[in-house]
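Please examine the sequence and the three-dimensional structure below.

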Amino acid sequence: MSNPVFQDFFKRFLMFLGLWVVMDGGALAGFLIGVPSAILAGWLSLRIAPATRRTWRLMAAVSFVGHFLWNSLVAGVDVAVRAFHPGLPLKPGFVTCACTIPEGPNRDLFMAVASLMPGSLPVGEAGDGEIVLHCLDTSQPMAAQMTGLENLMKKAWGEETAHA
């Protein structure tokens with residue numbers, strides 16, 4: 001199993017088969033459909049999104065996950081408080097912020113993760129590497145938060161950070 005393409009296929013096959021087992025409940029008869037489906041899904045996933053050679057840094061990835069979960073919780077509570085307390089200000093609008101991740105799967109991953117953060121939503125690109133966020137409160141330092149998120153993601157997948 002030294003062929004890297006086979007290794008990538010096998011990892012994806014196992015992931016899809018595991019997903020099938022969870023959805024099917026692990027019934028033995030389900031494997032008759034689950035195994036061929038996982039093979040097809042693994043092959044198609046490699047055709048749609050070829051594997052990348054990336055060295056993940058475990059501690060940086062753990063730091064990123066912790067940062068993401070904590071900030072999601074804090075931002076979620078902030079959004080809930082603002083929604084139920086009419087006296088708190090909302091200043092909805094758009095903010096542009098720099099993004100040094102080039103277009104492609106890595107940037108798509110960053111935008112997907114950023115879309116999960118409550119209170120902000122990436123809605124497009126402004127050109128010159130900038131992304132446009134819709135924010136519930138434009139007075140918040142959203143650009144700095146996105147730069148921090150970008151830096152943590154880049155560290156987790158073994159790249160230099162976006163900004164010093």
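A residue is called buried when its relative accessible area is under 20%, exposed when that area is over 50%, and partly exposed in between, with a 1.4 Å probe and protein chains only. The model is predicted, so local features need pLDDT of at least 70, side-chain atom pairs count only at pLDDT 80 or more, and totals for chains, interfaces and linings use all residues. Residues are numbered from 1 along each chain as its sequence is written, and side-chain values use heavy atoms, with hydrogens and water left out.

C99 counts as buried because its relative accessibility is 7%. C135 is buried as well, with a relative accessible area of 0%.

A disulfide is a covalent bond between the sulfur atoms of two cysteines; here the criterion is a pair of cysteine sulfur atoms within 2.5 Å. A search of the whole structure finds zero disulfides. For C99, which is in no disulfide, the nearest cysteine sulfur is that of C97, 7.2 Å away. C135 is likewise in no disulfide, and the nearest cysteine sulfur, again that of C97, lies 8.0 Å away.

Two packed helices are described by the angle between their axes and the distance between the axes. Helices are DSSP runs (H or I, at least four residues), numbered from the N terminus. The axes of helix 4 (residues 105–115) and helix 5 (residues 142–156) come within 11 Å and cross at roughly 130°. Axes are lines fitted to C-alpha atoms over the stretch in contact, and angles run from 0 to 180 degrees between N-to-C directions.

Conventions
Helices (H or I, at least four residues) and strands (E, at least two) are DSSP runs, numbered from the N terminus.
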